[in-house]
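Me: Hi! Could you walk me through this structure? I'd like to begin with the packing.

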Amino acid sequence: MRTTELQSLLEKSIQSPDSDAALESAALAVAKSGPTLADVQTILRFMEDHPAMDFGSPGALVHVIEKLYGAGYEGALTESVLRRPTAHTAWMLNRVINVAKDEAQRRQFISALRGIASNASADDETKERAAGFLARLER
């Protein structure tokens with residue numbers, strides 16, 4: 001899927017009276033064309049731009065981009081969290097931490113999660129969510 005086409009679908013979801021259905025439609029379009037790392041980056045930037053939007057639990061977009069786990073998804077997610085964390089991307093990173101098999105990578109993901117506390121672009125909800133994940137990890 002072309003980046004501009006995906007961006008358009010995502011932006012339309014904001015104005016849609018049924019944003020859940022619109023986001024699911026965008027996710028289906030990505031799944032149908034085969035998700036790419038460019039799609040992952042486009043979706044993560046959209047999440048950064050709309051931190052208060054409800055993307056689901058975890059939501060269709062997350063399910064489709066998680067298909068690239070092991071093929072660049074984790075790196076793109078970590079970059080997003082370091083750039084402009086949101087409550088949703090912090091949660092996504094926590095999901096990655098929970099399944100990480102390589103200990104060095106896992107430590108890197110945890111470090112990114114810790115960095116949310118000092119990230120000036122993170123709102124209070126995001127900082128609280130990250131702190132909760134870290135507290136659970138440290139038990």
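This is a predicted model: local features need pLDDT of at least 70, side-chain atom pairs count only at pLDDT 80 or more; totals for chains, interfaces and linings use all residues.

Me: Let's take α3 and α5 as a pair. At what angle do their axes cross?
Reply: The axes of α3 and helix α5 (residues 73-83) cross at roughly 25° and come within 10 Å. Angles under 35 degrees count as roughly parallel, and α3 and α5 are therefore roughly parallel to each other.

Me: Left-handed or right-handed crossing?
Reply: The crossing of α3 and α5 is right-handed. On the α3 side, the contact is made by L37, V40, Q41, L44, R45 and E48. The α5 side brings Y73, A76, L77, S80 and R83.

Me: What does S80 touch, away from its sequence neighbours?
Reply: Not counting residues up to four places away in sequence, S80 touches L44, E48, P85 and T89. L44 and E48 also belong to the α3 side of the α3 and α5 contact.

Me: Nice. What about another serine, S13: buried or exposed?
Reply: S13 counts as buried, at 0% relative accessibility. You'll find S13 in helix α1 (residues 3-15). Leaving out residues up to four places away in sequence, S13 touches S19, A22, L23, F46 and M53.

Me: F46 is an aromatic. How many aromatic pairs turn up in the whole structure?
Reply: A search of the whole structure finds one. The pair is F46 and F55, with ring centres 6.0 Å apart and planes at 80°, so the arrangement is edge-to-face.

Me: Switching topic: which residue has its charged end over the ring of W91?
Reply: That's R95, whose charged end sits 5.7 Å from the centre of the W91 ring. W91 is also in contact with R129.

Me: Where is R129, then?
Reply: R129 is in helix α8 (residues 124-137). With a relative accessible area of 31%, R129 is partly exposed. Leaving aside neighbours within four places in sequence, the contacts of R129 are A87, H88 and W91.

Me: How far is R129 from T86?
Reply: Their C-alpha atoms are separated by 9.3 Å, while R129 and T86 are 43 residues apart along the chain.

Me: What about A21 and A60, how far apart are they?
Reply: A21 and A60 are 9.6 Å apart in space, C-alpha to C-alpha, and 39 residues apart in sequence. A21 is in helix α2 (residues 19-33), and A21 is partly exposed, with a relative accessible area of 38%.

Me: Last one, on the backbone. Which residues does a cis peptide bond join?
Reply: S57 and P58, with omega at about 5°. For context, most peptide bonds are trans.

Me: And where does P58 lie?
Reply: P58 lies in the loop between α3 (37-49) and α4 (60-65).

Conventions. Residues are numbered from 1 along each chain as its sequence is written. Side-chain values use heavy atoms; hydrogens and water are left out. Helices (H or I, at least four residues) and strands (E, at least two) are DSSP runs, numbered from the N terminus. Buried means under 20% relative accessible area, exposed over 50%, partly exposed in between (1.4 Å probe, protein chains only). Rings of Phe, Tyr and Trp (its six-membered ring) pair if their centres lie within 6.5 Å; planes under 30 degrees apart count as stacked, over 60 as edge-to-face and the rest as tilted. A charge sits over a ring if NZ of Lys or CZ of Arg is within 6 Å of the ring centre and within 35 degrees of the ring normal. Axes are lines fitted to C-alpha atoms, for helices over the stretch in contact, and angles run from 0 to 180 degrees between N-to-C directions. Angles under 35 degrees count as roughly parallel, over 145 as roughly antiparallel, 65 to 115 as roughly perpendicular and the rest as oblique. A crossing is left-handed if the near helix is turned anticlockwise from the far one by less than a right angle, and right-handed if clockwise. Contact means heavy atoms within 4.5 Å.
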